[in-house]
Amino acid sequence: MAEVTARNRSSSSNKKKGLSGGILKFKILLEKLHKVVLLLVGKNNKPSSSYVKEGHFAVIATVEGPKRFLVPLRCLRNPTFLSLLERAAEEYGFDQLGAITIPCNPSDIETLLAHHQVEKEEDEK
């Protein structure tokens, strides 16, 4: 009987060693995988779709299919853009998460951004 108990104890300790060894191997594998992912992301230099540059915010125009834009904070002074935001507040409310959804055509935001770019270039001159 003592022999069976001793075998069970050694079997149990071997399982624990195997389990901790497996966890250690898994941790090392995850670290290597993490390094590979960082290298691949660094080579591509492409930001993810959720990336927003500093001084900008994301807007999604929903008419004619959703299209995402990065809008400079400076556009918040534009009366046309403010009216689009008011329309979004009426349609969707103020508790939107992530990008601001605006019920407008993408061309409306493209025109606004083009106008903003012209103003920016004039200010730089």
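Which residues have the most contacts inside the largest nonpolar core, and how many residues does that core have?

A: This is a predicted model, in which local features need pLDDT of at least 70 and side-chain atom pairs count only at pLDDT 80 or more, while totals for chains, interfaces and linings use all residues. Residues are numbered from 1 along each chain as its sequence is written, and side-chain values use heavy atoms, with hydrogens and water left out.

The largest nonpolar core has 14 residues, and those with the most contacts inside it are V59, V71, F81, I102 and I109. A nonpolar core here is a set of buried Ala, Val, Leu, Ile, Met, Phe, Trp, Tyr and Cys residues joined through side-chain atoms within 4.5 Å; buried means under 20% relative accessible area, exposed means over 50%, and partly exposed lies in between (1.4 Å probe, protein chains only). In soluble globular proteins, nonpolar side chains tend to be buried together. At least two residues of this core come from each of β1, β2, α2 and α3, where helices (H or I, at least four residues) and strands (E, at least two) are DSSP runs numbered from the N terminus.

The strands form an open sheet of three, in the order β2-β1-β3 and with mixed pairing; two strands pair if DSSP finds at least two bridges between them. Since β2 (67-72) and β3 (100-102) stand at the edges with a single partner strand each, one side of each is left without a neighbour in the sheet. Neighbouring strands are turned by 35 degrees against each other on average, direction ignored, with axes taken as lines fitted to C-alpha atoms, for helices over the stretch in contact, and angles running from 0 to 180 degrees between N-to-C directions. Strand β1 (residues 56-61) pairs with β3 in the parallel sense over three bridges, and V59 has I100 as its bridge partner in β3.

Two helices pack on this sheet. Helix α2 (residues 79-92) touches β1, β2 and β3, and its direction makes about 95 degrees with that of β3, whereas helix α3 (residues 106-124) touches β1 and β2, with a direction at about 25 degrees to that of β2.

By the same exclusion of residues up to four places away in sequence, H56 touches L70, V71, P72 and L73; the C-alpha atoms of H56 and L73 are 5.2 Å apart, although 17 residues separate the two in sequence.

K67 forms a salt bridge with E110, the closest N and O atoms being 2.8 Å apart, where a salt bridge is a side-chain nitrogen of Lys or Arg within 4 Å of a carboxyl oxygen of Asp or Glu. Because K67 lies in strand β2 and E110 in helix α3, the pair ties together parts that are 43 residues apart in sequence. K67 is partly exposed at 37% relative accessibility, and E110 is partly exposed with a relative accessible area of 37%.

Technical notes:
Contact means heavy atoms within 4.5 Å.
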